[in-house]
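These are my notebook entries on a structure that I had not examined before.

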Amino acid sequence: MRRFDLAFKKFKVNWKRRCGSPALHLSRNEWRAGLPRRLAGFLRRAAAVPWAWLNLHLCFLLAVFGAAQGRAVSIQAVSYPAEYEYESRFYLLAGELNPLCFYFWGDKKAVARPVLVIDAPEGVNIAYAFHPGYWTHPAIETLVRKSAGSGGGNRFEIPLNEELVKKGLLAKQGPFDPAYLAVLFDTGSKSSGGGALKWHLEDATGNGDEKTVECEILPPIEALSQPFFSHYFYRAHLLKAPDAAVRKRLGSLYRKAGVEGFVDNGRSLTQDAMAEKMKVYAEASLGGWGGAWWGVKTEKACKDRQLKPGDILIVMKDGRQSKAKNAICQSWLIDQAEYVIGEMQKGILKPYYFENLTTGFLNDYELDIFSDIAWKQSCFCARCKETFVRRCKMNIQPQGLSPGDLLGKYRKEWLDFRYWQNGEMMRLYARAVRGLDPKLKVAICSVGVPFDREKTYHPIDPAEYDDCVDEHWPMFYTQSPNYYREMDHAVKHLKKPVIPCVNTCFPLGEHNAWPPELLFLNIMATASTGGRGACYFVGDSSMDARYYHAIGDANKLLKVAGRFYQNGQRCDEQAVVRPLLVKEFGKGESKRGFPDLREFVFHNVRRLDGEWLITLFNYNVENAAFVELSFPKLAGGAYEMADAAGGRVFVKTDAQAWDGGDLNKGVLYKIPPRGVCCLVVKPGGAKASAGTAQARDTENSFREEFCRLQRTETKDDPQGLIGSWSFEKSDEKIVVLKGAKEADGLAGKGLAFDGKKAYAELVVEGLADRLRDAFSLELWVYPESLKQCMCFIGKKGSLSMDWFQPTQVLPCGIRHLGQRRWMDAKLVPAVNRWNHLVFTYGGGYLRLHHDGNEVDAYYVGKLSIDRSDAPLTLSSAGAPFHGRIDEVRIYDRRLKGEEVWQHYIKSAPQF
């Protein structure tokens, strides 16, 4: 039926173009319900247009043929990360086992003898394939049959385990696939080459469509380990391979990358790890993702303590009890400390503890603002009120306080009380872990230290339980500049070691993926700010060769700079880094147009044994950062300044010796896009000669390059423009007003929204088909308030650009195969003035531009939006916008930064 819908959609477009009839704005249900009447009308009109008959026949054949093709095989599959990554490439490490995972979904009742057929290029072989399973499913070895393939390579036929596939097959593609297959490729000693890798599925009904990915062989990585910086893997399911030789080769690869251990559960994993002397953290999600599970079941607690569920379940602020059957009041849990510790140990910890194998326990804890135990939500029972009064030592009557009184009169005190409660539960967890074995480490995997406790989406503060844990493993799902900010903030506010969990190419839909280049950048940000390691989300997927090279490159730089990060004293005030702007630096050039990178450039300084290390970061994806670097507190004399990695990246003179006075004034410096540079400054060396012709030439070259890269005037390119609305004419394009009203716009007329239920629909024929691989949404917004969650522009179930008040972020996102791909930009639009917003996708990146400048970029890989019939809307009934909107444009391509800037300066009121 879906293919029939798509065929009909194409027919509607062709009918409008050829027959000149009005657009048929029908939903699928409307089309099906009125089919007889509309078909009769169509036949009458088509009599005068002979080619419309041909179009109808073609569409009908397409629908029938497509439906037949959809039944060719009983299940569908996607290879990961190759199909998901930008450009669909798969990178292999020479001389290693290289995993490529295949995920399956479909109708489990129709599964019959499924086989995965892979044609590998010459020199690439399949060494092993197996079903790792997920959680409760066992690892099952898979037979691989080999024959001659096309193009000079080999064909491999891998029968899938039919029983496991039927048991674990998902109805649609999702992030956790119990039936997935891990295929391990081997290149031998070959360190270059590759080619097209083709695969398709076969079963008892026939063959599925063939798919192709390009694979490339990269050189091996150099084995480097850092004594102060540890690498970990989260859920290394590939080590569940039944073959011990395969596990040993994979373990050897992990060791070369400096991987010291992993987080997982399972005796087979821990036994192999002990042989390799790797650390194992058993995962124990006490507290749970909703925050209301602490290993104590309500039914058992009531039986043990002769209680009723109503005596201990959380009471919401509206007086109703939690619907979660195990959401027990934290005040009761804290009062019953010994009982709770015992339940934690029996129910969660002991089953996953292996003596002499387990290094420690890691609590995966993700409380959010909508949880039943979030401080705004609950628990407002009598016991909590009394505990609150005792804790805060307030002379008030607790039972006379309503939830409104607590959140109004005593907001700060109640907030602190709730955070304290959370810390107390973590202390019980720590006691439970150490009760099993005093040598076990206690690690908490939650979030970083909040910048604002009241507004954070995750109402958790690791500082509350800093005293009872051994290591903090915060989950930094952010990219771009936000990762550096959050990592730096966490280290400054926590005394215990920080080992963040960072993204790589985790399973589809679970987290937004990071490209290898950004992984390298964030490893260096972690180490330079004071982190003591990083844990990579690899899960049941696989990191390809580029990710291993990114870790290897970081290890090489850490080998040089690591002594500063490990033992040096942080002294950021020793250096000042100021990004240059054309209006400040250029002579006679355009005074506007160069990107403002102040939000993308970061630095930190460490001093050790009379030397300084300055680490510079440029998180901008496209633009180099030209900066002025100065050292205002250096004494006079001669200094050497050199790139820690051996390159010369500063300008003004070719000599490495500098006079202290020159360094006080500043030198010119260039940081490449998405780059990290480490400079070592130390006393000594011959005094540099200033004012030479060579120095002037070098500075002039720098100036010329800087000015050459400024954004110059560009012509407005309408290519790819799907629709534009200035709201000047009522018949301009189809706009359905749902409570929105005409008002003063940016220039002329615009639309006003009341912040209650008003929204407007922009009818665009075939929108979902146009927004496939790239798009841009551009509009001007005039917020009159930012007191709620509101939508600027969106398409239900597909994409949206919103404002999220609790965390003061501007989320821009897209749904791919039903999974969320979101960027939370730390941007607060200005109230009572016009803001220019442009949200784009292309090249694997989501980007947000505000007033002409890119403010955030987030890598999500290759995807396209859901192909639904939902219209594009301004505001929405569920998240209404309060203010005015004008000058809306939609493109089926990504607007470049230069174009965004030109659109801004041509329309901005101040210009």
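**Entry 1: helix H8**

I looked up what the buried residues of helix H8 pack against, and found helix H9 (309-312), helix H10 (330-335) and helix H11 (337-349). Contact here means heavy atoms within 4.5 Å. Helices (H or I, at least four residues) and strands (E, at least two) are DSSP runs, numbered from the N terminus.

I then asked which residues of H8 (residues 298-305) are buried. They are Thr-298, Ala-301 and Cys-302. These residues lie on the same side of H8, because they cover an arc of only 100° around the axis, the arc being that of the directions from the helix axis to the C-beta atoms. I noted as background that an α-helix has 3.6 residues a turn, so residues three or four places apart point the same way.

On the face turned away from the buried side of H8, I found the exposed residues Glu-299 and Lys-303. Buried means under 20% relative accessible area, exposed over 50%, and partly exposed in between (1.4 Å probe, protein chains only). After H8 comes Gln-306, with a positive phi near 55°.

**Entry 2: basis of the model and the whole chain**

I record that this is a predicted model, in which local features need pLDDT of at least 70 and side-chain atom pairs count only at pLDDT 80 or more, while totals for chains, interfaces and linings use all residues. Residues are numbered from 1 along each chain as its sequence is written, and side-chain values use heavy atoms, with hydrogens and water left out.

I looked up the overall content and found 22 helices and 44 strands in the chain. Of its 911 residues, 58% are buried. The accessible surface comes to about 37700 Å², and 50% of it belongs to carbon and sulfur atoms; accessible areas come from the Shrake-Rupley method with a 1.4 Å probe, and for residues only the protein chains shown count as cover. Among contacts between residues at least 6 apart in sequence, 75% join residues at least 24 apart.

**Entry 3: the parallel sheet**

In what order do the strands of the open sheet of 8 strands stand? I read the order as E18-E17-E16-E15-E14-E13-E20-E19, with parallel pairing. Two strands pair if DSSP finds at least two bridges between them. Strand E18 (471-472) and strand E19 (501-503) are at the edges with a single partner strand each, so one side of each has no neighbour in the sheet.

Within this sheet I followed strand E16 (residues 360-364) and strand E17 (residues 441-445), which pair in the parallel sense over 5 bridges. Phe-361 has Val-442 in E17 as its bridge partner. Helix H16 (residues 516-529) packs on the sheet and touches strand E13 (230-234), E19 and strand E20 (533-537). The direction of H16 makes about 150° with that of E20; axes are lines fitted to C-alpha atoms, for helices over the stretch in contact, and angles run from 0 to 180 degrees between N-to-C directions.

**Entry 4: the antiparallel sheet**

I next examined an open sheet of 5 strands, ordered E1-E3-E9-E5-E6 with antiparallel pairing. Its edge strands are E1 (75-80) and E6 (140-141), each pairing on one side only. Strand E5 (residues 125-131) pairs with E6 over 2 bridges, and Phe-130 stands opposite Glu-141 in E6. Helix H6 (residues 244-256) lies across strand E3 (97-106), E5 and strand E9 (181-186), and runs at about 110° to E3.

**Entry 5: strand E29**

Is strand E29 largely enclosed or left open? I found it largely enclosed by the rest of the structure, because 7 of the 9 residues of E29 (residues 675-683) are buried. Strand E24 (residues 611-618) pairs with E29 in the antiparallel sense over 7 bridges, with Ile-614 and Leu-679 as bridge partners. Strand E26 (residues 638-643) is joined to E29 by 5 bridges, also antiparallel, and here Met-641 has Val-681 as its partner.

**Entry 6: nonpolar cores**

A nonpolar core is a set of buried Ala, Val, Leu, Ile, Met, Phe, Trp, Tyr and Cys residues joined through side-chain atoms within 4.5 Å. The largest has 101 residues, and Phe-233, Met-524 and Tyr-619 have the most contacts inside it. Helix H17 (residues 545-567) gives the most to this core, with 11 residues. A second, separate core of 48 residues includes Trp-294, Cys-381, Cys-384 and Val-469.
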